[in-house]
Amino acid sequence: MPLQGVCWFFCCRQGFSLLGRDYGEKEEEESFELRNKEDLTPNGRWLLREVRGSWVKQRRYWFVLSQDSLDYYSGAEKGARRLGTLVLTNLCSVIWPNKQTYKETYWSITVYGRKHCYRLYTRHFNEAVHWACAIQKIIDTKSPVETPTQLLIRDIEENKFNPEVVEHIYEHNTILKYTQGPLYAPLLPFPYGSIEHTGYGSVREEAVRIFNCLQQLESVREPVPIIQGVLQTCLDLRPLRDEVYCQLVKQTSYTPSPYTAAHLRYWQLLTCMSCTFLPGPTVLKYLRFHLKIQSQSPESEMDNYASFISEALDKTKCRECVPSWEEIQMLMSRQEMLCTVHYPGPGSCQLYISSHTTANEVVRRMQEKLGLQDSKNTFALYEQNALWEQPVAGSALIADVLTRFKITNKESESKSQWKLCFKLYCLLDADNISVDSIEYFFLFEQCHDMVVRGQLPACEEDLQALAALRLQCLMGDFSTHVPCPPLDELYPGRMLETQVLVSLSSPQAMPPCKGAAQGCPTMQRFPTGLLAGTLWSHTATAAHKQKVEQDIRLRSRLKEEAAAVMASILERWKGLAGYNRRDSMAAYLAIARQWSGFGCTLYEVDFYISSSGSFSQKLWLGVAATSVSLYKQGESEALESFPYGQICSYGVSDSNTFKITAGDRDLLFETNKLTEIMQLMNAYFNAIHRQRGKGEDPDITITESTEMSFRHLAPTPTPTLLELPSHPV
């Protein structure tokens, strides 16, 4: 005799606590019986259910789980009155027990249905898990629920080549057409229940709210905030994207006044959606069919928007950021945005970009604009402010980058404003750059950036000579009437601080009394006894006073040292009278080229000396065109270099560790620049392979085994990494 229902019975056990469960108290295993719904006995089990509108928050009921529903009764006896039913479909959802919802003595599970939500409580964690698991298994056996809109979309797809049938479908189904009334349920199916996202209700609730926002577009004076809000909701709640597309198709179908400004607001939002998110395959077909119908009408604004949206859907990738206010305004009028791209020195270019323009496209257009198409070196865009810079991945959308800038710049001070900068990326051929080209100026400016950041090892005399040549290049011959740039724009501030700290740490720089006090056993002992608080307070005050005095002395010495260095630089500048700009740049680069690592990019890393990682040393990792080298910070000679031909593989071993295998050695580097190092090494190897493909000698030998290792390891970093394309521009 087949079972008419599957019943799970159990009740709360006594004496269970969270502390006992977490710290080893043995818990009695629960067993559950499969019973007929009619086979109810007094030996069944109970659950507590939350009751609203009553001073008793939880009441005990007899629960029965069948293949179709979750029911509860007044008691366990046969013939007990059924008090409620929650019908189970595949849209129902179960919230499992967790520590966040644990309330002193009860574990809870929540079951969401179409009309009801049951919050159930038990004292035992295992019991709650068993209930949740059993209910979820029933839900998983249910067939997918299809809404009327889904069924009609399928009918339209099947009959899209029969205009009369399609017309009949639209004529007799108002759910597909424009309406001024509210929407009481989503057009697409969504699970019942809440979502784990701050500030939002359930997806079903948000879908209904969004339709209300769409209708407000018809009457508001400024539509951008509503459009931006809808896009932000779709960015946060991915399942809503198809729903919003269906709502917009509905509101742009069979409109009573299709040519009014109010109606065009729907098309403008649809335009913004098409440049921000792609719908799923089924909704995309439905949307394209809708656009095709609109484009068949006489030329109008609707037809122009439909054509624009159709083209956008072929290019759109999911955005990382919601379009900015300015971008939305441009999209509403189907225009492109102006983007300012800076390059080394005071120069900049303005380019028109769309929502789909990538960093690679901007780099290519900048090369054409500046006449750098034939350069053997490669270029990239950088996100840059006064304190920081990082390369932009070639596939990144410039619209997303600019939106991040607008958000960050509003929250920060003017000195740290972000901007886009076009710069040299891979220096593959530094010797054959024409001195008359803008590329030579790029090389000079980027070399100077390294000097100021302290990333070009040089002696004090060379650093002052470089600063003087920089002044001669920028300002011409020395003159007392021309204001000089500040020292930190000419000379590495880190070098200046190091010199002062070394001088202050010498025995002559430390006052004898304070030096003795630091080594005095009495001062090092923690005071005890009746006057302990007073003695400790006096000691802390003295230590604070000593630190303040040291800071004052440090600042004073820094000012003195800076004045002395600046005076020396000015004297050297006077001796450069007659040097023109080209001569100054050539002399500057001649000094910089004396460093064997000229042209490499330095990254600060912690290098693990032993394979076990028991000891580490802070070094510079230099990535160049032919090798990777290790430098002690401030020293010009490499501790060790690894030509690319000797490197078997490289990649990311964990969240902050970069690994290079050279021969039988594994080199581990801890750094926060994993993405940048990976991108740059990939770019250099891609450039080497291109040179080999053109029959050029790349001055490097890559063995077959090495080439295979890079092909398999290098292109597959952790998902958090971004790689430049195989053909960097």
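The structure is a predicted model, in which local features require a pLDDT of at least 70 and side-chain atom pairs count only at pLDDT 80 or more, whereas totals for chains, interfaces and linings use all residues. Residues are numbered from 1 along each chain as its sequence is written, and side-chain values use heavy atoms, with hydrogens and water left out.

The average pLDDT (the predictor's confidence in each residue, from 0 to 100) is 81 for the protein chain, and 79% of the residues score at least 70. With helices (H or I, at least four residues) and strands (E, at least two) taken as DSSP runs numbered from the N terminus, confidence is lowest in helix H1 (residues 18-22), at a mean of 27, and highest in helix H7 (residues 240-251), at 97. Over residues 1-44 pLDDT stays under 50, and the model has 96 contacts beyond four places in sequence for this stretch, a contact being heavy atoms within 4.5 Å. Residues 509-536 likewise stay under 50, with 15 such contacts.

Nonpolar cores were defined as sets of buried Ala, Val, Leu, Ile, Met, Phe, Trp, Tyr and Cys residues joined through side-chain atoms within 4.5 Å, where buried means under 20% relative accessible area, exposed over 50% and partly exposed in between (1.4 Å probe, protein chains only). The largest nonpolar core holds 100 residues, of which Leu 381, Phe 422 and Phe 658 touch the most other members. Helix H21 (residues 674-693) supplies the largest share of this core, nine residues. Because domain 3 (337-429) and domain 4 (600-694) both give residues to this core, it lies between them; the domain bounds come from an automatic or database domain assignment. Beyond its neighbours within four places in sequence, Leu 381 is in contact with residues including Val 341, Ala 359, Ile 398, Leu 420 and Phe 422. Another core, of 56 residues, lies apart from the largest one and has Leu 231, Met 302, Val 322 and Ile 328 among its members.

In helix H7, 11 of the 12 residues are buried, so the helix is largely enclosed by the rest of the structure. These buried residues include the charged side chains of Arg 241, Glu 243 and Lys 250, and the buried residues of H7 pack against helices H3 (148-158), H5 (203-216), H6 (224-236), H8 (261-274), H9 (281-295) and H10.

Salt bridges, defined by a side-chain nitrogen of Lys or Arg within 4 Å of a carboxyl oxygen of Asp or Glu, number 21. Asp 400 and Arg 319 form one of them, with their closest N and O atoms 2.8 Å apart. This pair links distant parts of the chain, 81 residues apart, with Asp 400 in helix H13 (residues 398-411) and Arg 319 in the loop between helix H10 (301-313) and helix H11 (325-332). Asp 400 is buried, at a relative accessible area of 3%, and Arg 319 is also buried, at 3%. A further salt bridge joins Arg 582 to Asp 436 (2.4 Å, N to O). Since Arg 582 lies in helix H20 (residues 581-592) and Asp 436 in the loop between strand E12 (419-426) and helix H14 (438-452), the pair ties together parts that are 146 residues apart in sequence. Arg 582 is partly exposed, with a relative accessible area of 44%, whereas Asp 436 counts as exposed at 56%.
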